[in-house]
Amino acid sequence: MQWVRSDETATDINENHRNSRYLGDEVVLPESLRATHDFSEAANCADVIVMGVPSHGFRGVLQELAKELRPWVPVVSLVKGLEQGTNMRMSQIVDEVLPGHPAGILAGPNIAREVAEGYAAAAVLAMPDQHLAAKLAELFRTKRFRTYTTDDVIGVEMAGALKNVYAISVGMGYSLGIGENTRAMVMARAVREMSKLGEAMGGHRDTFAGLAGMGDLIVTCTSQRSRNRHVGEQLGQGKKIDEIIASMNQVAEGVKAASVIMEFAEKYGLNMPIAREVDRVLNHGATVEDAYRGLAAEKPGHEVHGSGF
């Protein structure tokens with residue numbers, strides 16, 4: 001059972017087996033998938049909750065769930081973002097709002113349209129309890145969708161939030177006409193920045209070389225269906241961020257995450273040049289050209305232990 005905000009979307013899924021607004025008319029959904037606009041109906045029948053709402057609405061939906069949900073029902077987040085104001089990860093919000101409910105995150109290089117169209121893909125399910133993670137992973141597995149498991153919840157959640165910010169930086173590069181070598185350089189250094197912060201927060205370095213880190217970073221930076229890459233490209237064309245967001249019917253989590261990432265960088269005493277330049281463009285009036293000049297001015301040092309770009 002899928003809960004959706006719009007009664008129109010629920011009708012589209014139930015009667016036409018499509019979600020035309022988000023997936024277009026070509027993608028046919030399974031006839032067994034049912035949708036409802038009735039929150040209580042969805043919550044009361046759930047044995048597992050899969051949360052696919054944006055980070056800014058995550059807490060509010062959980063608070064509504066708290067009124068309806070049976071005890072101990074696991075909550076799996078699909079959200080690749082951080083809560084502004086508290087800087088909390090989604091699993092931390094679950095622990096706060098729904099204490100006693102096991103919390104995890106499913107993340108990886110999963111462009112929704114491609115998954116719906118049946119292209120092969122993979123994700124990693126992160127939960128502290130690996131026995132439960134292994135059981136839940138079976139729910140997501142199909143012949144074309146591989147689900148791995150890990151106990152590194154912090155690493156997977158931070159990788160998912162961070163990669164969106166770096167995809168904006170690569171999108172800005174596309175608008176400037178940077179070469180493939182330059183793009184690869186930015187992406188490789190982005191992985192290092194991501195893992196540096198992730199490790200400081202308690203995540204595992206290997207996670208950032210896996211599906212939730214490098215895997216998701218690659219697709220988010222290179223896919224023309226990537227919302228965060230799109231934001232970067234539009235910024236490079238001189239559009240204002242408010243104008244870009246208003247023109248989109250889905251959320252680009254990197255826009256909200258950039259300022260949070262810089263707060264973390266300050267807290268842990270880290271130099272994160274790429275994230276810093278994205279934040280300058282999004283929140284401090286810098287241009288895309290300023291951002292790439294700022295990166296070029298960074299002095300390269302040791303590839304692993306150096307603090308610069």
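User: What is the relative accessible area of Val251?
Analyst: Val251 has a relative accessible area of 27%, so the residue counts as partly exposed. Please note that this is a predicted model.

User: Where is Val251 placed?
Analyst: Val251 sits in the loop between helix H12 (241-246) and helix H13 (253-268).

User: And what is Val251 in contact with, leaving aside neighbours within four places in sequence?
Analyst: With those neighbours left out, Val251 is in contact with Pro54, His56 and Arg227.

User: Which residues does the UniProt annotation "binding site" cover along with Val251?
Analyst: In an unreviewed UniProt entry, the annotation "binding site" covers Arg5, Tyr22, Lys80, Ala112, Arg227, Val251 and Glu253. A "binding site" listing from UniProt, also marked as an unreviewed entry, gives Lys80, Gly108, Lys163, Asp216, Ser226, Arg227 and Asn228.

User: Take Tyr22, then. Where does Tyr22 lie, and what is its relative accessible area?
Analyst: Tyr22 belongs to helix H2, which spans residues 20-23. Its relative accessible area is 35%, which makes Tyr22 partly exposed.

User: Now Lys80: buried or exposed?
Analyst: Lys80 counts as buried because its relative accessibility is 14%, under the 20% limit for that class. The residue is found in the loop between strand E4 (75-77) and helix H5 (90-97).

User: What does Lys80 contact beyond four places in sequence?
Analyst: Its contacts there are Ala107, Gly108, Gly160, Ala161, Lys163, Asn164, Asp216 and Glu253. For Gly108 there is a further detail: the backbone oxygen of Gly108 lies 2.9 Å from a polar atom of the Lys80 side chain.

User: How about Asn228: which helix is that in, and is Asn228 buried or exposed?
Analyst: Asn228 lies in helix H11, residues 227-236. With a relative accessible area of 5%, Asn228 is buried. Not counting residues up to four places away in sequence, Asn228 touches Asn164, Ala167, Ile168, Thr220, Ala252, Glu253, Gly254 and Val255.

User: Switching to helix H1. What is the nearest side chain of opposite charge to Asp12, and how far away is that side chain?
Analyst: Arg18 is the nearest side chain of opposite charge, 6.7 Å away. Asp12, found in helix H1, is buried yet has no salt bridge.

User: What does the Asp12 side chain make a polar contact with?
Analyst: The partner is the side chain of Asn16, at 2.9 Å. Leaving aside neighbours within four places in sequence, Asp12 is also in contact with His17, Arg18, Asn19 and Ser20.

User: His17 comes up there. What is its phi?
Analyst: Phi of His17 is near 55°, a positive value in a residue other than glycine. His17 is placed in the loop between H1 and H2 and counts as buried at 17% relative accessibility.

User: What about phi of Asn87, and where does that residue lie?
Analyst: Phi of Asn87 is near 65°, again a positive value in a residue other than glycine. Asn87 lies in the loop between E4 and H5 and is buried, with a relative accessible area of 17%.

User: Back to H1 for a moment. How far apart are Thr11 and His37?
Analyst: The two residues are 26 apart in sequence, and their C-alpha atoms are 9.1 Å apart in space. Thr11 is found in helix H1 (residues 7-16) and is partly exposed, at a relative accessible area of 32%.

User: Last topic, aromatics. How many aromatic pairs does a search of the whole structure find?
Analyst: The search finds two aromatic pairs. Trp3 and Phe39 form an edge-to-face pair, with 5.0 Å from centre to centre and 80° between the planes. Trp3 lies in strand E1 (residues 2-3) and Phe39 in helix H3 (residues 39-44), so this pair ties together parts that are 36 residues apart in sequence. Trp3 is partly exposed at 24% relative accessibility, whereas Phe39 is buried at 17%.

User: And why does the pair of Phe264 and Tyr268 count as tilted?
Analyst: The ring planes of Phe264 and Tyr268 are at 35°, with the centres 6.5 Å apart, so the pair is tilted. Because these residues are four apart in helix H13, about one helical turn separates Phe264 and Tyr268. Phe264 is buried, with a relative accessible area of 7%, while Tyr268 is partly exposed at 30% relative accessibility.

How values were computed
Residues numbered from 1 in each chain as written. Predicted model: local features only at pLDDT ≥ 70, side-chain atom pairs only at ≥ 80, totals over all residues. Heavy atoms only, no water. Helix = DSSP H or I, 4+ residues; strand = E, 2+ residues; numbered from the N terminus. Buried < 20%, exposed > 50% of the residue type's maximum accessible area, 1.4 Å probe, protein only. UniProt positions renumbered as here; feature names shortened; annotations may be inferred. Contact = heavy atoms within 4.5 Å. Lys, Arg positive; Asp, Glu negative; His and termini not counted. Salt bridge = Lys/Arg side-chain N within 4 Å of Asp/Glu carboxyl O. Polar contact = N/O pair within 3.5 Å; in protein donor to acceptor, adjacent residues only side chain to side chain. Phe/Tyr/Trp six-rings, centres within 6.5 Å; stacked < 30°, edge-to-face > 60°.
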